[in-house]
Amino acid sequence: MSTESITPALQLGVGDRLRLWWDALARPTQWLVGVPFIVLIALLPVIRPPVLTTVGTDFGGVLAQFGMYALLAIGLNVVVGQTGLLDLGYVGFYAIGAYTVGLLTSPDSPWNLTDDWLSRDWAWLFALPVAIAITAISGLLLGTPTLRLRGDYLAIVTLGFGEIVRLLADNLSNITGGGRGLSQIAYPVVGESASKPNGVFSAGNTSQPLNSGTWWFWLSIVLIIIVLLVVGNLERSRVGRAWVAIREDEDAAEIMGVPTFKFKLWAFLIGASIGGLSGALYAGQVQFVVPSTFNVINSMLFLCAVVLGGQGNKLGVILGAFIIVYLPNFFLGRTELFGIPINGNDIANYKYLFFGLALVVLMIFRPQGLIPARQKLLTYGRSIYVATRRAALALAATPAPAPAAAEPSDTTEGGAR
Amino acid sequence: MSAVMTVGTTLASGVISFDLGSLGRNFWALTIDGLTYGSIYALVAVGYTLVYGVLRLINFAHSEIFMLGMFGQYATLMLLGFTPSGNAYQEGTVMTVVYLLIAMIGGMIVAGGSAVGLERVAYRPLRKRGAPSLVFLITAIGASFIIQEFVHFVLPKLTGGKLGGVNAQQPIRLVEAQVQFSIFGADVTNVEIIIVLAAILLAVATERFISITKFGRGIRAVAQDPVTATLMGVSRERVIMLTFLIGGVLAGAAALLYTLRVPSGIIYSGGFILGIKAFSAAVLGGIGNLRGALLGGLLLGVMELYGQALFGTEWRDVVAFVVLILVLMIRPTGILGESLGRARA
C-alpha cells in the first residue's frame, strides 16, 4: 500500500494499462497490431520453438486441437459468459456437429451421400453448413422447453442432454455404428501433390512441419477470426446488451422490456452452432468419430476453459482453451524440464485433478478468471468507454491517502458479476 | 437419391425396438428390482434434497461423495480381513449382518466426513463472500473432478494399488443372492430384502430425525427462512454442516447397499451416473422435499426398469434423463412440491 501511494500511477497494474492502451487504439491500428500477432501464432507450428514444442504428441496436432477448443470456448462463452446460462451439456452440440459430418460422409453410415451424387472432394465443405444448421436446430429443440427453468436446473438438464446425445450415438448402432464409430469421414481435399495424394488436410499428410495438424490449425484460425467478428458484433448490438442484462438480473431485464426467453434462446442457438462448427472440424481432422470422445466430462473441460480464462471475455476464453489443451500435452512424454527430471506422462494424466483444483481455487480467490471481462458502456462505443475508464482509474489513483477506494473498485468492476 | 431411401428403410427396420411383451411377462420381477434400485436412489437423493432445501444449491459433487462411500465400505471390509475373491464368504447370518453393519458404518464415516470436509473447504469460503449460484456450481464441478481423480490416480499410490485406479475393485461378496420367496411368480432374493429393509429403516429414521428432533427443527427453520431462523438462535453454519453430514452418511449407507446389488460397481467413475439419477429422483419428487426424494427415488427406480424392459438394456440410463427433462417441463416443482420447511413436525 505504501509504495503505491508514493507512485499512484503504478496502481493501474499491467493488465489495466495494457487494456486501456488497446481500447484507446483506433480500429485500423488494432488490426495493424493484431494481424502480425495472429500471424506469429499461426507460424508457431512452423517455427516449433525449442521448449514450447510438445514432445509426446505432434505440435501441429496439438495446436489444431487448441483451435477447435478455442471455437468451443467462444461458443460456450456466449452461453455461459455472456448470458449467464450454465450449460453442462455443451459436448452434445460438439458431438452433433461431428456426427452430422460423419453420417453424411462416412461409408459406414446409412446416410452416406458420397457414394452417389456428392464428390468426396467437396463432401466436407458441403457437410459443414449442414452440421452447423443441425446443431443450431438441436440447440433450439433443447432450449425451447428448458430455458424457462431456473439456472441450476438448466445446468442439470443440459448435462442430461449431453449424456443422451452420447448414449444415442452409442445405442443407435445401425445408424451411428455404435461403439465402433464412423470411419473414413470426408475432409477438404486441397493441394494434392505427388507426395500428398489426398491433399494437405488428409491425416496421411505427415510431412514436417506442414503436416495436416498445421493445416487444420490454420483453417481453425480463419474460422475463429470469422466467429469472433460475428460474436463481437452481436455483443455490441441490441442482442448483446440483452444478454448482459439477462446475466446480471433476469427479472429486472424482463421488467425493462427485454424478451428474455427469446434472447436466451438466441444465445443457446448461436452457442450451439459454434459448437457444431467445431465438431465438424474435429470430424474432418481425425476422420473418425466414436461416442466415447463425447463423454460428458469433456463438457466440464470446456467449461473449465471458459471459467479459467474469464467468463465473458473472448480473449480470456481462448487463453483458457489454450491452457486446457496445451498444458497436458506439454507435459506428455517429457522426462525433463530445464534439466529437472520430471515424470511428464504422470502430470499429463493428472490433468483433471489439476483442472479441478484450478476451478475450486479460482472460484474462491479469483472467480472472474485469468483475464476478467470488464463492464463496458455497450451503447456508446469505445471512445466514451475509454474516456470514462481513464477518468475512473485516474480518480482512483489520485487521492493518495485513500488507496482503499482504489482496491475494491478493481474487484467490483471486474467482479464476479 | 438412394441416401434418402436408406434413411427411410433404416428407420423402418426398427432403430429402437419396442417390446411390450417383455414388460408384461416380467412385470413383478422388474417392479421388485426397480424398488431395490429405487431405494438406493432415494437414499442418495435425500442428500441432494436436504442441501438444496437449506442452501438452494445443487451439490453436484454429491455423486462423488457416494463413490467415496463405496470405497469407504470396501476399505473397511479389507481392514476386517476380507480379501477379494471370486466366491462369496460363508459367515453365517449373524456374522454377515455384523460385518455388513460395520462396513456400512465405515462407508458412512468416509462419505459423511468427506461431505462435511467438502462443505468446509469448497463451499464455505464462497458463502462467506455471497457468491452467485453459478460460482457454487462450478466449484462443485471442480470438487467432483478432484475427488474422482484422487481415487483414480492418487489413492492407488497411497494404498499400494489395493484401492482405486483405473479398474473396478474386485468384489468382496459377503452375501450371495439366494431366492427367499416369490411374489406373483417373481423371485425375491435376500439381497433385495436387505437393501429395501435397510433403506426403509434409514429413510424413516431420517424422516423422524428431521421431524422431531431439535436439530431437525433447526434444519427446517433454516430452509424456511434463514434470517428469521438465525434471529431465533439457530446457528446457520451448524445446520448447514449437519445437512451435509446427513446427506453424506445416507450416501455412505446407500453405497454399501449398492455394492450388494452391483458388486463390481466400485470404480472411480461409478458415482456420476447414479448421482444424476438420484438428482432426477429428487427433482421428480420435488427437490427440497424429504418425502419427495424418497418417493421420487422409488418411482424412478421402477420406471427405469420398465423402460429397460420396453426398449432394451442400453436405453436404461436414458430413461432417467428423459424423466428429468419431462418433469422439469411439465411440473418443475415435482410430485410433492418443493418444501423442506413446510414438512410438518
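This passage describes the fold, the interface and selected residues of a two-chain predicted model.

Residues are numbered from 1 along each chain as its sequence is written, while chains are lettered from A and ligands numbered from 1 in the order in which they are written. Because the model is predicted, local features need pLDDT of at least 70 and side-chain atom pairs count only at pLDDT 80 or more, whereas totals for chains, interfaces and linings use all residues.

Secondary structure was assigned from DSSP runs, numbered from the N terminus: helices are H or I runs of at least four residues, and strands are E runs of at least two. Chain B has 13 helices and 2 strands. The C-alpha trace of chain B spans about 65 × 55 × 40 Å along its principal axes. Chain A contains 19 helices and 4 strands.

Burial was counted from C-beta atoms placed from the backbone. A residue is buried if 20 or more other C-beta atoms lie within 10 Å of its own, exposed if 12 or fewer, and partly exposed in between. Buried residues make up 50% of the 345 residues in chain B. In chain A, 47% of the 417 residues are buried. Two residues are in contact if their C-beta atoms, placed from the backbone, lie within 7 Å. Among contacts with a separation of 6 or more, residues 24 or more positions apart account for 79% in chain B. The corresponding share in chain A is 75%.

Chain A is divided into domain 1 (1-42 + 381-417) and domain 2 (53-373). These bounds come from an automatic or database domain assignment. The centres of the two domains, taken over C-alpha atoms, are separated by 31 Å. Trp21(A) sits in helix H2 (residues 13-24) of chain A. Trp21(A) counts as exposed because it has 11 C-beta neighbours inside 10 Å. From Trp21(A) to Leu332(A) is 311 residues in sequence and 37 Å in space, C-alpha to C-alpha.

The two chains meet at an interface. Here 38 residues of chain B are in contact with 42 residues of chain A. On the chain B side, the elements giving two or more residues are helices H1 (2-12), H5 (93-129), H6 (133-158), H11 (272-285) and H13 (316-330). The largest share, 14 residues, comes from H6(B). By class, this side has 29 nonpolar, 6 polar and 3 charged residues. Ala, Val, Leu, Ile, Met, Phe, Trp, Tyr, Cys and Pro count as nonpolar, Asp, Glu, Lys and Arg as charged, and the others, Gly among them, as polar.

H13(B) has 15 residues and reaches 22 Å from its first C-alpha to its last, close to the expected 21 Å. The expected span is 1.5 Å times one less than the number of residues. Buried residues of H13(B) include Phe321(B), Leu324(B) and Leu328(B). Val318(B) also belongs to helix H13 of chain B. Val318(B) is buried, with 20 other C-beta atoms within 10 Å. Leaving out residues up to four places away in sequence, Val318(B) touches Ile164(A) and Leu167(A).

The largest nonpolar core has 221 residues. Such a core is a set of buried Ala, Val, Leu, Ile, Met, Phe, Trp, Tyr and Cys residues joined through C-beta atoms within 7 Å. Those with the most contacts inside the core include Ala305(A), Ala42(B) and Ala254(B). Beyond its neighbours within four places in sequence, Ala254(B) contacts Ile40(B), Leu43(B), Val44(B) and Phe66(B). Ala305(A) is one of the buried residues of H14(A). Just after H14(A), Gly310(A) takes a positive phi of about 130°.

Most residues other than glycine have a negative phi. Gln184(A) has a positive phi near 50°. Gln184(A) lies in the loop between strand S1 (182-183) and helix H10 (212-235) of chain A. With 16 C-beta neighbours inside 10 Å, Gln184(A) is partly exposed. Arg56(B) has a positive phi of about 55°. Arg56(B) lies in the loop between helix H3 (27-55) and helix H4 (62-79) of chain B. Arg56(B) is partly exposed, with 15 other C-beta atoms within 10 Å.
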